[in-house]
Amino acid sequence: MTGGPIQEFACFTDFDKELVCHWKVPAQTNCSKEFLLCYSKETSSVSNMCVPENEKDSLRCTCTIYPDYFVSGLTYILALQFNGTYMWNYNVTPALVVKPRAPKNLAIEKAENGNFNLSWEESHSHSSLLSGQPVIYEVKYWRKQHPTEVSVKEINYQAKSFEITASSLKRGYDYVASLRCNYMDFPAYWSEWSEEVEFHYDYQVKAEDILRMAVPTSCILIVAGSVICYFCFTK
(Lines give C-alpha, C1' and ligand atoms only; values in the text may rest on other atoms or scores of the structure.)
Protein backbone atom coordinates (compact mmCIF):
# COMPACT_ATOMS: atom_id res chain seq x y z
CA MET A 1 0.00 0.00 0.00
CA THR A 2 2.83 2.41 0.79
CA GLY A 3 3.24 4.90 -2.03
CA GLY A 4 0.70 3.11 -4.20
CA PRO A 5 -2.83 4.12 -5.18
CA ILE A 6 -5.81 3.28 -3.01
CA GLN A 7 -7.38 0.12 -4.43
CA GLU A 8 -11.08 -0.52 -4.86
CA PHE A 9 -12.22 2.45 -2.78
CA ALA A 10 -16.02 2.63 -2.69
CA CYS A 11 -18.79 4.07 -0.57
CA PHE A 12 -22.45 3.22 -0.10
CA THR A 13 -25.24 4.36 2.18
CA ASP A 14 -28.53 3.08 3.56
CA PHE A 15 -29.75 6.71 3.07
CA ASP A 16 -31.08 6.59 6.59
CA LYS A 17 -28.37 6.44 9.25
CA GLU A 18 -24.92 5.68 7.83
CA LEU A 19 -22.44 6.19 5.01
CA VAL A 20 -19.91 3.35 4.71
CA CYS A 21 -16.62 3.57 2.82
CA HIS A 22 -14.13 0.76 2.35
CA TRP A 23 -10.94 0.02 0.45
CA LYS A 24 -8.67 -2.91 -0.18
CA VAL A 25 -5.46 -3.35 1.85
CA PRO A 26 -2.68 -5.96 2.05
CA ALA A 27 -2.90 -8.67 4.70
CA GLN A 28 -1.57 -7.71 8.14
CA THR A 29 -2.57 -4.05 7.67
CA ASN A 30 -3.73 -2.38 10.90
CA CYS A 31 -6.42 -0.04 9.56
CA SER A 32 -7.05 1.95 12.74
CA LYS A 33 -3.33 2.72 13.23
CA GLU A 34 -2.26 3.32 9.63
CA PHE A 35 -5.28 5.17 8.16
CA LEU A 36 -7.53 8.11 8.97
CA LEU A 37 -10.46 9.25 6.83
CA CYS A 38 -11.31 12.97 7.00
CA TYR A 39 -14.66 14.14 5.67
CA SER A 40 -16.63 17.35 5.34
CA LYS A 41 -19.79 18.53 3.62
CA GLU A 42 -19.16 20.30 0.33
CA THR A 43 -20.87 23.39 1.73
CA SER A 44 -18.91 23.41 5.02
CA SER A 45 -15.30 23.98 6.05
CA VAL A 46 -15.71 21.87 9.20
CA SER A 47 -13.73 18.63 8.93
CA ASN A 48 -14.55 15.44 10.81
CA MET A 49 -12.51 12.30 11.38
CA CYS A 50 -13.39 8.63 10.94
CA VAL A 51 -11.05 5.94 12.27
CA PRO A 52 -11.32 2.85 10.03
CA GLU A 53 -11.53 -0.72 11.22
CA ASN A 54 -10.39 -3.99 9.69
CA GLU A 55 -13.10 -6.14 8.15
CA LYS A 56 -13.29 -9.75 9.30
CA ASP A 57 -11.07 -11.04 6.49
CA SER A 58 -8.53 -8.23 7.26
CA LEU A 59 -8.23 -7.46 3.54
CA ARG A 60 -10.32 -4.27 3.63
CA CYS A 61 -10.54 -1.20 5.82
CA THR A 62 -14.00 0.15 6.60
CA CYS A 63 -15.11 3.55 7.88
CA THR A 64 -18.69 4.16 8.98
CA ILE A 65 -19.85 7.79 8.98
CA TYR A 66 -23.06 8.79 10.77
CA PRO A 67 -24.32 12.03 9.16
CA ASP A 68 -26.76 14.32 10.98
CA TYR A 69 -29.10 14.13 8.00
CA PHE A 70 -29.40 13.03 4.38
CA VAL A 71 -30.61 15.13 1.46
CA SER A 72 -30.53 14.29 -2.23
CA GLY A 73 -28.04 16.99 -3.24
CA LEU A 74 -25.54 16.55 -0.42
CA THR A 75 -21.93 15.79 -1.38
CA TYR A 76 -19.06 14.85 0.95
CA ILE A 77 -15.39 15.60 0.37
CA LEU A 78 -13.22 12.75 1.67
CA ALA A 79 -9.48 12.83 2.28
CA LEU A 80 -7.57 9.71 3.25
CA GLN A 81 -4.44 9.79 5.39
CA PHE A 82 -1.88 6.99 5.44
CA ASN A 83 0.59 7.17 8.35
CA GLY A 84 -0.15 10.89 8.75
CA THR A 85 0.22 11.81 5.07
CA TYR A 86 -2.72 12.81 2.88
CA MET A 87 -2.62 10.58 -0.17
CA TRP A 88 -6.02 10.70 -1.79
CA ASN A 89 -9.16 12.83 -2.16
CA TYR A 90 -12.59 11.59 -3.14
CA ASN A 91 -16.03 13.17 -3.55
CA VAL A 92 -19.14 11.13 -2.82
CA THR A 93 -22.82 12.03 -3.19
CA PRO A 94 -24.81 9.64 -0.96
CA ALA A 95 -27.91 9.77 -3.19
CA LEU A 96 -25.85 8.21 -6.00
CA VAL A 97 -24.53 5.28 -3.93
CA VAL A 98 -27.64 4.07 -2.11
CA LYS A 99 -27.54 0.45 -0.98
CA PRO A 100 -30.86 -0.28 0.76
CA ARG A 101 -31.16 -2.44 3.82
CA ALA A 102 -32.45 -5.92 3.16
CA PRO A 103 -36.17 -6.54 3.84
CA LYS A 104 -36.84 -7.93 7.32
CA ASN A 105 -39.27 -10.22 9.18
CA LEU A 106 -39.65 -12.62 6.28
CA ALA A 107 -42.49 -15.10 6.89
CA ILE A 108 -44.33 -17.72 4.87
CA GLU A 109 -47.62 -19.55 5.29
CA LYS A 110 -49.64 -21.95 3.21
CA ALA A 111 -52.81 -20.56 1.64
CA GLU A 112 -56.13 -22.40 1.27
CA ASN A 113 -55.53 -22.77 -2.47
CA GLY A 114 -52.34 -24.73 -1.77
CA ASN A 115 -49.95 -21.91 -2.73
CA PHE A 116 -47.51 -20.27 -0.29
CA ASN A 117 -47.74 -16.60 0.72
CA LEU A 118 -44.37 -14.96 1.37
CA SER A 119 -44.53 -11.69 3.35
CA TRP A 120 -41.97 -9.18 4.66
CA GLU A 121 -41.46 -5.68 6.04
CA GLU A 122 -39.42 -2.72 4.86
CA SER A 123 -36.26 -2.21 6.93
CA HIS A 124 -36.11 1.56 6.67
CA SER A 125 -37.64 3.86 9.26
CA HIS A 126 -40.51 6.18 8.32
CA SER A 127 -38.12 9.13 8.57
CA SER A 128 -35.83 7.65 5.90
CA LEU A 129 -35.82 9.24 2.44
CA LEU A 130 -36.40 5.73 1.04
CA SER A 131 -39.61 5.15 2.98
CA GLY A 132 -42.53 4.89 0.57
CA GLN A 133 -40.34 5.27 -2.53
CA PRO A 134 -41.03 3.08 -5.61
CA VAL A 135 -39.23 -0.21 -5.05
CA ILE A 136 -38.42 -3.38 -6.96
CA TYR A 137 -38.23 -6.69 -5.10
CA GLU A 138 -36.51 -9.83 -6.29
CA VAL A 139 -37.68 -13.11 -4.75
CA LYS A 140 -35.70 -16.33 -5.04
CA TYR A 141 -36.55 -19.80 -3.79
CA TRP A 142 -35.04 -23.23 -4.22
CA ARG A 143 -35.18 -26.80 -3.01
CA LYS A 144 -32.99 -27.05 0.07
CA GLN A 145 -31.37 -30.20 -1.31
CA HIS A 146 -30.66 -28.49 -4.68
CA PRO A 147 -29.40 -24.95 -3.92
CA THR A 148 -28.17 -24.36 -7.48
CA GLU A 149 -31.65 -24.77 -8.99
CA VAL A 150 -33.00 -21.34 -8.09
CA SER A 151 -36.25 -19.75 -9.24
CA VAL A 152 -36.08 -15.94 -9.34
CA LYS A 153 -39.13 -13.66 -9.66
CA GLU A 154 -39.10 -9.87 -9.94
CA ILE A 155 -41.90 -7.76 -8.44
CA ASN A 156 -42.21 -4.35 -10.09
CA TYR A 157 -44.87 -2.86 -7.83
CA GLN A 158 -45.38 -1.75 -4.25
CA ALA A 159 -45.96 -4.99 -2.37
CA LYS A 160 -45.14 -6.62 0.91
CA SER A 161 -46.10 -10.15 -0.14
CA PHE A 162 -45.65 -12.63 -2.96
CA GLU A 163 -47.49 -15.86 -3.78
CA ILE A 164 -45.31 -18.84 -4.62
CA THR A 165 -47.50 -21.11 -6.73
CA ALA A 166 -47.66 -24.80 -5.84
CA SER A 167 -47.30 -25.64 -9.54
CA SER A 168 -43.72 -24.28 -9.43
CA LEU A 169 -42.79 -26.64 -6.57
CA LYS A 170 -42.10 -30.37 -6.29
CA ARG A 171 -43.97 -32.22 -3.60
CA GLY A 172 -42.27 -33.75 -0.62
CA TYR A 173 -39.35 -31.29 -0.58
CA ASP A 174 -38.10 -28.60 1.79
CA TYR A 175 -37.75 -25.16 0.22
CA VAL A 176 -35.85 -22.00 1.12
CA ALA A 177 -36.84 -18.44 0.12
CA SER A 178 -35.16 -15.04 0.33
CA LEU A 179 -35.54 -11.60 -1.26
CA ARG A 180 -33.76 -8.31 -1.83
CA CYS A 181 -34.80 -4.83 -2.94
CA ASN A 182 -33.74 -1.90 -5.09
CA TYR A 183 -35.29 1.58 -5.08
CA MET A 184 -36.16 2.83 -8.55
CA ASP A 185 -35.10 6.45 -7.95
CA PHE A 186 -31.84 5.36 -6.26
CA PRO A 187 -30.77 2.31 -8.33
CA ALA A 188 -27.01 2.19 -7.65
CA TYR A 189 -27.05 -1.01 -5.56
CA TRP A 190 -29.37 -3.86 -4.71
CA SER A 191 -29.68 -4.63 -1.02
CA GLU A 192 -28.14 -7.77 0.39
CA TRP A 193 -30.38 -10.84 0.34
CA SER A 194 -32.66 -11.04 3.37
CA GLU A 195 -32.53 -13.73 5.99
CA GLU A 196 -33.87 -16.98 4.63
CA VAL A 197 -37.16 -18.66 5.50
CA GLU A 198 -37.86 -22.37 5.05
CA PHE A 199 -41.08 -24.19 4.19
CA HIS A 200 -42.12 -27.72 3.28
CA TYR A 201 -44.34 -28.70 0.37
CA ASP A 202 -46.17 -31.79 1.65
CA TYR A 203 -47.12 -34.62 -0.63
CA GLN A 204 -50.90 -34.47 -0.61
CA VAL A 205 -53.00 -36.50 -3.02
CA LYS A 206 -55.53 -34.24 -4.74
CA ALA A 207 -58.72 -35.04 -6.64
CA GLU A 208 -57.04 -34.52 -9.99
CA ASP A 209 -54.25 -36.88 -8.94
CA ILE A 210 -56.81 -39.55 -8.06
CA LEU A 211 -58.52 -39.02 -11.42
CA ARG A 212 -55.19 -39.08 -13.22
CA MET A 213 -54.38 -42.44 -11.60
CA ALA A 214 -57.89 -43.84 -11.93
CA VAL A 215 -58.25 -43.41 -15.71
CA PRO A 216 -55.25 -45.53 -16.79
CA THR A 217 -55.95 -48.04 -14.02
CA SER A 218 -59.53 -48.42 -15.24
CA CYS A 219 -58.34 -48.86 -18.80
CA ILE A 220 -55.93 -51.60 -17.73
CA LEU A 221 -58.65 -53.35 -15.75
CA ILE A 222 -61.08 -53.15 -18.68
CA VAL A 223 -58.49 -54.58 -21.09
CA ALA A 224 -57.53 -57.30 -18.62
CA GLY A 225 -61.21 -58.16 -18.06
CA SER A 226 -61.83 -58.31 -21.78
CA VAL A 227 -58.91 -60.68 -22.29
CA ILE A 228 -60.09 -62.96 -19.46
CA CYS A 229 -63.64 -62.99 -20.85
CA TYR A 230 -62.32 -63.80 -24.31
CA PHE A 231 -60.38 -66.82 -23.07
CA CYS A 232 -63.34 -67.97 -20.97
CA PHE A 233 -65.69 -67.89 -23.98
CA THR A 234 -63.23 -69.57 -26.28
CA LYS A 235 -62.87 -72.44 -23.84
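Analyst: Ala, Val, Leu, Ile, Met, Phe, Trp, Tyr, Cys and Pro count as nonpolar, Asp, Glu, Lys and Arg as charged, and the others, Gly among them, as polar. The model is a predicted one, in which local features need pLDDT of at least 70 and side-chain atom pairs count only at pLDDT 80 or more, while totals for chains, interfaces and linings use all residues. Residues are numbered from 1 along each chain as its sequence is written, and side-chain values use heavy atoms, with hydrogens and water left out.

User: How many cavities of 30 Å³ or more does a search of the whole structure find?

Analyst: A cavity is a set of points on a 1 Å grid over the protein atoms alone where a 1.4 Å probe fits but cannot get out; its lining residues have an atom within 4 Å of a point. Points are joined across faces, edges and corners, and the volume is the space filled by probe spheres set on them. Here the search finds one cavity of 30 Å³ or more, and the largest cavity holds about 30 Å³ of space.

User: Which residues line the largest cavity, and how do they divide into nonpolar, polar and charged?

Analyst: The lining consists of Arg101, Ala102, Pro103, Glu121, Glu122, Ser123, His124, Tyr137, Cys181 and Tyr183. Five of these residues are nonpolar, two are polar and three are charged. Cysteine 181 has a relative accessibility of 2% and so counts as buried; buried means under 20% relative accessible area, exposed over 50%, and partly exposed in between (1.4 Å probe, protein chains only).

User: What is the strand order of the open sheet of four strands?

Analyst: Strands of a sheet pair through backbone hydrogen bonds, either parallel or antiparallel. Strands (E, at least two residues) and helices (H or I, at least four) are DSSP runs numbered from the N terminus, and two strands pair if DSSP finds at least two bridges between them. In this sheet the order is β4-β3-β7-β8, and the pairing is antiparallel. The edges are β4 (48-50) and β8 (85-92), each of which pairs on one side only. Strand β3 (residues 35-41) is joined to β4 by three bridges; cysteine 38 has methionine 49 in β4 as its bridge partner.

User: How many disulfides does the structure hold?

Analyst: A disulfide is a covalent bond between the sulfur atoms of two cysteines; the criterion is a pair of cysteine sulfur atoms within 2.5 Å. The structure holds three. One of them joins cysteine 11 and cysteine 21, with sulfur atoms 2.1 Å apart. This pair links distant parts of the chain, ten residues apart, with cysteine 11 in strand β1 (residues 7-13) and cysteine 21 in strand β2 (residues 19-24). The link is right-handed, with 105° about the S-S bond, and both cysteine 11 and cysteine 21 are buried.

User: Which cysteines does the disulfide with S to S 2.0 Å join, and which form the one with sulfur atoms 2.4 Å apart?

Analyst: The disulfide at 2.0 Å joins cysteine 31 to cysteine 61. Cysteine 31 lies in helix α1 (residues 31-34) and cysteine 61 in strand β6 (residues 60-65), so the pair ties together parts that are 30 residues apart in sequence. Their link is left-handed, with -85° about the S-S bond. The disulfide at 2.4 Å is formed by cysteine 50 and cysteine 63, which are both buried. The link of cysteine 50 and cysteine 63 is left-handed, with -125° about the S-S bond.

User: Is cysteine 38 buried or exposed?

Analyst: Cysteine 38 is buried, because its relative accessible area is 4%.

Definitions and conventions:
On a 1 Å grid over the protein atoms alone, a cavity is a set of points where a 1.4 Å probe fits but cannot get out, and a pocket is an open set with protein on both sides within 12 Å along at least five of seven lines; lining residues have an atom within 4 Å of a point.
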